[in-house]
Amino acid sequence: MNLSPNYLSDLLSKYTGKTTIEHIHIQLVDKAKNILLGTTKTVSEIAYELGFEHPSHFTKIFKSKTGNAPLHFRKQFPQQN
């Protein structure tokens with residue numbers, strides 16, 4: 001894109017009202033939702049797969065974006081067999 005990180009962050013904030021890290025978290029949570037609903041992986045496995053060093057940090061972000069802890073989210077949508 002040939003933009004500095006700061007300039008890109010400023011543009012994102014200006015046009016979307018969200019910071020770069022908020023956009024990244026939204027994408028990670030969306031990916032996590034798909035993994036939670038499509039596999040039986042543990043929350044820790046999902047957190048590590050998505051690049052989190054500590055599963056508790058992943059859980060905190062997931063809950064802040066969805067209003068549910070990852071396991072509670074999974075229980076709301078049982079897998080169809």
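Student: How many salt bridges does the count come to?
Tutor: This is a predicted model, in which local features need pLDDT of at least 70, side-chain atom pairs count only at pLDDT 80 or more, and totals for chains, interfaces and linings use all residues. Residues are numbered from 1 along each chain as its sequence is written, and side-chain values use heavy atoms, leaving out hydrogens and water. A salt bridge is a side-chain nitrogen of Lys or Arg within 4 Å of a carboxyl oxygen of Asp or Glu. By this rule the count is 1.

Student: Which residue forms a salt bridge with Lys 41?
Tutor: Lys 41 has 30% relative accessibility, so this residue counts as partly exposed (buried is under 20% relative accessible area, exposed over 50%, partly exposed in between, with a 1.4 Å probe and protein chains only). The closest N and O atoms of the bridge are 2.5 Å apart. The partner of Lys 41 is Glu 49.

Student: How many aromatic pairs are there?
Tutor: Rings of Phe, Tyr and Trp (its six-membered ring) pair if their centres lie within 6.5 Å; planes under 30 degrees apart are stacked, over 60 edge-to-face, and the rest tilted. By this rule the count is 4.

Student: What is the angle between the planes of Phe 58 and Phe 62?
Tutor: The two rings lie 5.9 Å centre to centre. Phe 62 is buried, with 0% relative accessibility. The pair is tilted, and its planes make an angle of 50°.

Student: Which residue forms an edge-to-face pair with Phe 62?
Tutor: The rings are 5.6 Å centre to centre, with 75° between the planes. Both residues are buried. The partner is Phe 73.
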